[in-house]
Amino acid sequence: MRAMHLFPEASERRGGYLRRGCRIERHDAERCKEGDLLWYELPIQEIPDEGDAETFMIAVIMMAMQERRTLRVHGTISRQLLGNLTEYRDAWCLWLPQTYHPIEFEVDHVEEDGPLRPGAVCAFSGGLDGTFSIWRHARGLAGHRSQTIVHGVMIHGFDIPLDDQEGFSVAFERGALTLRSLGVPLRPLRTNFREVVRTNWEDVHGTALVAALGCFKASVGTGIVGSGWYYRNLLPPSETERHGAWGSNPVTDHLLSGGAFRILHDGADHTRREKIRALTAWPEGSNNLRVCWAGSDKGRNCGRCEKCVRTMLAFRLNDLSIPDCFPRVAPLHQLVREVKVTRWWHRLVEEADTRGVREPWVGALRFVLRRHAIRRRIRETVDILLPPGSRRREWAKMLAVDGTGT
Amino acid sequence: MYPEPSLRVGDRVRRSCRIERRTGERVESSELLWFDMIPDHPSPDDNDAESYLLATLLLSMKEGRTLVVHGAVTHELASNLTEYRDIWSSCLAHLYQEVDFEITRVVEGAVARREAICAFSGGVDSTFSLWSHAGRNNGYRSQTVTYGVMVHGLDILLAEERAFARAFARAAGTLRSMGIPLLQVRTNLRDLVPVNWEHLSGPALVASLGCYKGLAGVAIIGAGQTYGSFLVPWGTNALMDPLLTSGWFQVLHDGAARSRSQKLSAIAEWEEGFNSLRVCWEGPTTDRNCGQCEKCLRTLLNLKLEGLRLPDSFPEVDDLSPGIRKLRLTSPMVHAEWSDLFAAANRRRIREPWVRAVRLLLVRRAFRGLGPQMLNTILPPGSVRRRRAKALLTLGRG
């Protein structure tokens, strides 16, 4: 039987950090391959939850599904998390059946669900979504859903690689300064997750984030993940660019909740523009945004990638000047032509039309989106007339190959 | 909303709540929302207002009224409904406004019972969910289902008493084969809450099932849409149903990882469940399958695709193509289902006349929306170009 075994190890002190580790062994029938060590390093003042293996199970579930291995956990998992991960597994198998496979879970100790501790921890990288979520919860602007945020967490080892210490220090100092204005402390967390879990980051970043937040569950009962989605853009997943599969999303994030630690996917009721407008009440938040993960300097925004451009446009839609944290590398209308847009960018044009924005980038974006829509329409029509997998499509392909003379 | 004490009405126990619409101090209307349940089962506390809040949230959003609940609601439900409200108001702002809700007693630290009840209409989704949980086919997610619950007053209206009695008798017989008793709830919810049923169906079902939270802490709702093609916002789906969970009553949206064809294949192993399937809600009688409506035809094609025999509850239809040709796919959700069917038929190289009829149906739909879509691309709504075109048109008409 192909299996992946998880052996949580005792916490140990490393400099100013406390390391929690887990040995991952791959077994093929009787043969055991050499194991990796997945670790998380928390600030020394945090209390680790020693017997708990939930963090590690969440961290590796996608990798086990990809490798088609039974996941065997030599530790304690709550009944709630096991039930939720069963559904999480099934959703991903349906979304990407070529990549992820239904696997079994075997767990040494199943724990009954306990009461949740008060207080929440929020993932914070300096990006718009995390900044907005911390702001609205710290100010109690989410009504009955508002949480008491005990601290934010910035993770070293995700978008900023472990060996880029300087980039992380710059981002962390800026983030800590931003949150200080709300009276919320920021804690660092280091992990070698991306070196051990070699699964597509776009699929796995949701579980990666939640596993990291779970390291703090001995002191808080809720983890907040700022949403990069907008509810109106969820129509229907089969029509989205990649079958709706994206690591962190409002449909499956809550399925990463355990008996003592639940996950709130937060902020999908606001567009990017609305989030920026809300943050005008918090200048420290909006002036210190770090949204970029594509640039070479991970501590700063590149001002050229899709996410940087989209965020800068959202400022202009609110008739706000673009803050200094975004370098001006080229005029906006030129940047719009260079980035790879998705179909959701049409909301930016709609909002520009509604708000009467008449800047050159609106025309450039309209042109790019029209081209994108026509291509998509042609693809859809071809799929109806020559359905994938049909004989007719095969003939058409053969004809096309003959026509090119190859 | 003012919850009232439970009382005995005939052979049932009635839980009710007075709903007053107020503008300032003036009371504009006062109505009684009720749920009748079978006696001799523990019913929720009279002060428990969760079912009433679930039932009326969309109505208050439609009317733009602050919802003031003079009763007890768990903090978990209040928190979840805040997000639920935000989904509706951000997606359909022209229909639903973002209203506040004020609750006189918010209950912290509530604990739900471990047992589960399953909403059961006799359709493919609920039959599959009940079957898979009773057989513990869902691994660690499997629930101990102690009762099925059928609601009178939702898909079968209160006036259709005979149709409900027939559907209930057949469903009770089906569940008896699994050793699971079937309970019923009657409610006037649809008479009192004039909200689009496609939006209201999820909260209405959970509100009704909540009457039995003294018996169970988990409600299983069979998914009608898969994770691959569900619509937001919609009355019930994998994103929104979990947000109807309270501290006392967890809502489990179940089976969204299985297609309708896969569900039918699974149910085929349960003879009583398979033969009693009731999927039709458009036919002349709501307790039988007409074999002609969109859902009946879709189910018949699912059966053909899986190579399954016809269940006893379906009439024999020789040629499905004429029925398919008459259909119009208005809802995106239904369109996604038919697209999946067509794709599956092509993958399996099926060459029957119905495949051509389905292709025609999909092509017709693809081209129907093309005109307005092209117009919107050339003259985007709200743009100066569109305003000028409108002005020119008006000028041209004199």
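**Exercise 1. Give the strand order of the open eight-strand sheet in chain B, and find its edges.**

Solution.
- The model is predicted: local features need pLDDT of at least 70, side-chain atom pairs count only at pLDDT 80 or more, and totals for chains, interfaces and linings use all residues. Residues are numbered from 1 along each chain as its sequence is written, and chains are lettered from A, ligands numbered from 1, in the order in which they are written.
- Strands are DSSP runs of E, at least two residues, and helices are runs of H or I, at least four residues; both are numbered from the N terminus. Two strands pair if DSSP finds at least two bridges between them.
- The order in chain B is β1-β2-β3-β8-β7-β6-β9-β10, with mixed pairing.
- β1 and β10 (250-254) of chain B each have a single partner strand, so one side of each lacks a neighbour in the sheet. These two strands are the edges.
- On average, neighbouring strands of this sheet are turned by 25° against each other, direction ignored. Axes here are lines fitted to C-alpha atoms, for helices over the stretch in contact, and angles run from 0 to 180 degrees between N-to-C directions.

**Exercise 2. Describe how β2(B) pairs with β1(B) and with β3(B).**

Solution.
- Start with β1 (residues 2-9) and β2 (residues 12-23) of chain B: they pair in the antiparallel sense over six bridges. Glu4(B) has Ser16(B) in β2(B) as its bridge partner.
- Two residues lie between β1(B) and β2(B) in their hairpin, and Gly10(B) in the turn has a positive phi of about 60°.
- Next, β2(B) pairs with β3 (residues 26-37) of chain B, antiparallel, over eleven bridges. Arg18(B) is opposite Leu32(B) in β3(B). Val13(B) is opposite Met37(B) in β3(B).
- The hairpin of β2(B) and β3(B) also has two residues between the strands, with Gly24(B) at a positive phi near 65°.

**Exercise 3. Characterise the contact between domain 1 and domain 2 of chain B.**

Solution.
- Domain bounds come from an automatic or database domain assignment. For chain B it gives domain 1 (2-107), domain 2 (116-254) and domain 3 (289-371).
- The C-alpha centres of domains 1 and 2 of chain B are 19 Å apart.
- Residues are in contact if their C-beta atoms, placed from the backbone, lie within 7 Å. Here 33 residues of domain 1 of chain B touch 32 residues of domain 2 of chain B.
- On the domain 1 side, β3, α1 (50-63) and α2 (75-91) of chain B each supply at least two residues.
- Classify that side: 19 nonpolar, seven polar and seven charged residues. Ala, Val, Leu, Ile, Met, Phe, Trp, Tyr, Cys and Pro count as nonpolar, Asp, Glu, Lys and Arg as charged, and the others, Gly among them, as polar.

**Exercise 4. Work out the packing of α1(A) against α2(A).**

Solution.
- Two packed helices are described by the angle between their axes and the distance between the axes.
- The axes of α1 (residues 54-66) and α2 (residues 79-95) of chain A come within 11 Å and cross at roughly 20°. α1(A) is therefore roughly parallel to α2(A); the class covers angles under 35 degrees.
- The contact uses Glu54(A), Ile61(A) and Met65(A) of α1(A), with Leu81(A), Leu85(A), Arg89(A) and Trp92(A) of α2(A).
- Its classes are five nonpolar, no polar and two charged residues.

**Exercise 5. Which helix of chain A supplies the largest share of the side that touches chain B?**

Solution.
- Count the contacts: 39 residues of chain A meet 38 residues of chain B.
- α2, α11 (346-354) and α12 (360-385) of chain A each supply at least two residues of the chain A side.
- α2(A) gives the largest share, nine residues.
- By class, the chain A side holds 19 nonpolar, eleven polar and nine charged residues.

Terms used: Angles under 35 degrees count as roughly parallel, over 145 as roughly antiparallel, 65 to 115 as roughly perpendicular and the rest as oblique. Two residues are in contact if their C-beta atoms, placed from the backbone, lie within 7 Å.
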